[in-house]
Amino acid sequence: MAAKWVGRCGECQAWGTVEEAGARQGVNVVRGGAVSAPAVPIGQVKAEVAHARPTGVGELDRVLGGGLVPGAVVLLAGEPGIGKSTLLLEAAARTAQHDTVLYVTGEESASQVRMRADRIGAVEDQLYLAAETDLGALVTHVEKVQPRLLIVDSVQTIGSADATGVPGGVTQVREVAANLTRLAKERGMSTVLVGHVTKDGSIAGPRVLEHLVDVVLHFEGDRNSRLRMVRAIKNRFGPIEEVGCFDLHERGITGITDPSGLFISRHPEPVPGTCVTVTIEGTRPIPAELQALVGPTEAPQPRRTSSGLDSYRVAMVLAVMERRLNAKIGKCDVFTATVGGIRLTDPAVDLALLLSVVSAAGDEPLPHGLVALGEVGLAGELRPVRDVRRRLAEAARLGFTRALVPTGSLVEDTLKLNPAPSRGELVAVRPTGIRTTNFSPGFDVTEAENVWDALKHVR
């Protein structure tokens with residue numbers, strides 16, 4: 001066989017014996033095989049089996065969508081030492097009060113896990129502990145213990161004799177995850193896998209690992225702070241982008257049911273370069289403060305540094321300021337950051353970011369008690385964002401007295417369908433020009449159509 005035409009056969013050395021043959025067309029026919037269960041009408045499927053069971057950790061249950069679903073596989077990823085093992089040991093102990101739990105550790109010894117359990121008070125009779133790094137031994141433990149919840153810490157430390165490579169490699173991680181997923185589905189056993197992350201914060205290993213599991217959670221936080229957050233980026237049983245807040249201390253980890261105020265600095269007087277916004281994390285409105293510092297520099301390339309914000313989003317807002325507002329910051333260093341280590345990706349923070357940079361560049365503080373909401377467009381327009389009323393209600397609860405939002409944000413239906421005058425079809429019409437000055441007693445709302453109007457209202 002040759003990839004192209006040749007005059008002489010490479011095996012028999014005869015001339016003119018190599019003939020051209022086309023590739024085989026079509027696909028292989030697969031014969032029918034045995035089925036695990038017969039197909040039934042969807043109305044006869046028991047939905048009660050997939051109901052979530054609370055773990056006992058309220059903030060974790062919030063992110064999971066009510067708790068762990070039997071047979072579900074959850075991947076919890078985070079940096080080393082961030083507190084993943086402490087959180088899962090706490091959840092295992094709460095679950096072990098009414099169900100059998102198996103905790104398999106591949107990174108620590110059983111005695112090390114026991115010391116942590118004593119420190120946080122997570123010792124329960126139905127909580128079983130095993131230190132294993134072999135997949136076959138792990139399956140044997142599952143068959144003997146018969147747990148309702150299996151925790152594997154971590155999936156990169158478990159190896160299979162049937163796969164090539166070392167534990168943590170692509171082939172090994174894929175093999176281990178596939179077998180644990182199959183085991184969870186067959187037994188209706190909730191399974192939590194701990195995963196490592198790379199330097200850029202993404203989950204280590206093949207992307208197929210994220211596709212195999214039902215739920216992917218990110219555990220994040222600043223090492224120099226006690227605040228930790230669990231964020232759902234994939235959830236087949238509940239909402240995504242839901243966030244749970246925790247306080248990591250020497251006696252364990254505690255959920256924070258009301259995180260409002262954790263990401264705001266309490267200044268006795270207005271400070272230039274600060275502005276408060278309200279972001280939506282899942283179903284929870286969270287006020288957050290943005291800070292900016294602008295200073296001239298003689299360096300040929302001014303620095304643009306951001307912490308807790310999307311650097312590309314920051315660059316876009318700065319470009320809008322220079323072009324639409326004629327802001328002279330091209331030769332200035334610009335530093336932007338959030339308070340408390342929160343990471344903001346909501347487009348609604350654009351207006352607050354712009355106002356904080358303008359305030360820092362002019363060294364003039366914004367009005368006291370102001371929150372700003374709105375997405376900034378490249379043409380300088382302000383676009384409405386979702387759930388404005390919930391955001392403003394949370395700001396009013398914390399004592400803020402004034403808000404700046406895009407025009408049309410307080411309309412109940414920001415997008416309506418009206419009949420076209422000639423064709424009789426439905427066309428989308430977004431109402432504009434509606435201004436509301438009183439959202440609630442003691443809380444005034446100003447609506448602006450663009451960034452020029454926004455600056456007029458705050459000056």
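**Helix H4 and its surroundings in a predicted model**

Helix H4, which spans residues 135-145, has Leu135, Leu138 and Val142 as its buried residues, where buried means under 20% relative accessible area, exposed over 50% and partly exposed in between, with a 1.4 Å probe and protein chains only. Seen down the axis of H4, these buried residues fall within an arc of 55°, so they line one face of the helix; the arc is that of the directions from the helix axis to the C-beta atoms. An α-helix has 3.6 residues a turn, so residues three or four places apart point the same way. This is a predicted model, in which local features need pLDDT of at least 70 and side-chain atom pairs count only at pLDDT 80 or more, while totals for chains, interfaces and linings use all residues. Residues are numbered from 1 along each chain as its sequence is written, and side-chain values use heavy atoms, with hydrogens and water left out.

**Around helix H4**
- The cover over the buried residues of H4 includes strand E2 (101-105), strand E4 (149-153) and helix H5 (170-187); helices (H or I, at least four residues) and strands (E, at least two) are DSSP runs, numbered from the N terminus.
- At the start of H4, the backbone nitrogen of Gly136 has a side-chain oxygen of Asp134 within 3.1 Å, and H4 is followed by Gln146, whose phi is positive, near 55°.

**Ser154**
- Ser154, in the loop between E4 and H5, is buried, with a relative accessible area of 0%.
- Leaving aside neighbours within four places in sequence, Ser154 is in contact (heavy atoms within 4.5 Å) with Gly106, Glu107, Val194 and His196.
- The side chains of Ser154 and His196 are joined by a polar contact of 3.3 Å, that is, a pair of N or O atoms within 3.5 Å, of which, within protein, one must be able to donate a hydrogen and the other to accept it, and for which residues adjacent in sequence count only if both atoms are side-chain atoms.

**Val45**
- Val45, found in the segment before helix H1 (58-64), is partly exposed, with a relative accessible area of 49%.

**The chain as a whole**
- The chain has ten helices and 20 strands, and buried residues make up 45% of its 459 residues.
- Among contacts between residues at least 6 apart in sequence, 67% join residues at least 24 apart.
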